[in-house]
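Subject: A structure for you to look at

Hi there,

Here is the structure I promised to pass on to you. Please open it alongside this email and follow along as you read.

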Amino acid sequence: MIASPISAHSEFDRELTETRARSAGMRVASFIVAGQRFWLKQVEHHESWRKRHTKGDSHQAFGREQDALRKMAVLGVPVPEIVAHGPDWIVLTDCGPTLEDMIRNEDYDHAEGLPAFEAAGQALAALHSAGLTHGRGKMKDFCWDGTQIRFIDLETDPAPFCPGTTGRDELVNFVYHCHFVAFQTGRDLSAELRAFVRAYGQGGHAEVFSAARAWARRRWWLGWLMAPVGWLTPDRRSPDFKAASPTLVWLAYYLNA
Ligand SMILES: Nc1ncnc2c1ncn2[C@@H]1O[C@H](COP(=O)(O)OP(=O)(O)O)[C@@H](O)[C@H]1O
Ligand SMILES: [Mg+2]
């Protein structure tokens, strides 16, 4: 909450009203009050029938996300604070750029990124040790403010942690998404990925590693199938196909605590 006098509260209300007016129909918009950034997040409007069908009821999803944020905060999980809310919007405190935002920044500096990836690995291990999951665990779900990692975008109902299924899937998602962004941006993210996985491994989740290794080895055929598609498409195109084989190889052979 804004820890300042009444004037800051009225400025907050004014900025919020203006931001809501200029961002009608938008999913997120940020605004600044007294040098502090806030994020307005609104109910998602799905344009196509297909999206409405696959993503489900937006109001229910929005309610689930708020419940998850409050539940996580009570359990001591680092998430943004909800500082204001209405029937179809919430305002969150700023947690800094996501790991993906950092990588996509033209001025990205490996020396700045490595501590963020290491902290993200520790944060995911701590979340899993508490018996919880994020529900997805991609690079864009971790925010870094320079000192702390916080989890955002808790839209899918987070399932309890289980090393062989939900824990494994979050590690696989992270490794895949890292390769995906690396191919899309043309950046070498191997040091960042190693920093993340090493830090995660120090959290003592050897079972997640062995489950992810076994999962990848069972899919060796998928690697063979996807590799030619990746080779045949131009640089930075089809990053999903390009990322599949190296992700499987990485998980099968380089996943060591
Ligand atoms: N609390 C926050 N702190 C920092 N950035 C945020 C925050 N909330 C949202 N963002 C930014 O807005 C983007 C979209 O928010 P997100 O919660 O992921 O929405 P969506 O459900 O549409 O994916 C994020 O990728 C991030 O860049
Ligand atoms: Mg998101």
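Below is what was found in it, from the whole chain down to single contacts.

A word on the source: this is a predicted model, where local features need pLDDT of at least 70, side-chain atom pairs count only at pLDDT 80 or more, and totals for chains, interfaces and linings use all residues. Residues are numbered from 1 along each chain as its sequence is written, while chains are lettered from A and ligands numbered from 1 in the order in which they are written.

**The whole chain**

The chain has 10 helices and six strands. Here helices (H or I, at least four residues) and strands (E, at least two) are DSSP runs, numbered from the N terminus. Along the principal axes, the C-alpha atoms fill a box of roughly 60 × 40 × 35 Å. The radius of gyration is 20 Å, which agrees with the value near 18 Å that a compact globule of 257 residues would have. That radius is taken over C-alpha atoms, and the globule rule is 2.2 Å times the number of residues to the power 0.38.

**The sheet**

Strands of a sheet pair through backbone hydrogen bonds, either parallel or antiparallel. In this model, four strands form an open sheet in the order S1-S2-S4-S3, with antiparallel pairing; two strands count as paired if DSSP finds at least two bridges between them. S1 and S3 (82–86) are the edge strands, each pairing on one side only. From one strand to the next, the twist averages 20°.

Let's walk across the sheet. S1 (residues 28–33) is joined to S2 (residues 36–42) by six bridges. Within this pair, Val28 stands opposite Lys41, and Ile32 is opposite Arg37. The hairpin of S1 and S2 has two residues between the strands, and Ala34 takes a positive phi near 50° there. S2 is also joined to S4 (residues 89–93), by five antiparallel bridges, with Gln42 opposite Trp89. Finally, four bridges join S3 to S4, where Ile82 has Leu92 as its bridge partner. S3 and S4 also form a hairpin with two residues between them.

**Two helix pairs**

Two packed helices are described by the angle between their axes and the distance between the axes. Axes are lines fitted to C-alpha atoms, for helices over the stretch in contact, and angles run from 0 to 180 degrees between N-to-C directions. Angles under 35 degrees count as roughly parallel, over 145 as roughly antiparallel, 65 to 115 as roughly perpendicular and the rest as oblique.

How do H6 and H8 pack, and at what angle? H6 (residues 163–185) and H8 (residues 206–218) pack at about 75°, with their axes 8 Å apart, so they are roughly perpendicular. Residues are in contact if their C-beta atoms, placed from the backbone, lie within 7 Å. Among those that meet are Gly167 and Leu171 of H6 and Ala211 and Trp215 of H8.

H9 (residues 220–232) and H10 (residues 239–253) pack at about 140°, with their axes 7 Å apart, and are therefore oblique to each other. Their contact includes Met226 and Val229 of H9 and Phe241 and Leu248 of H10.

Enjoy exploring it!

Best wishes

How values were computed
Contact = placed C-beta atoms within 7 Å.
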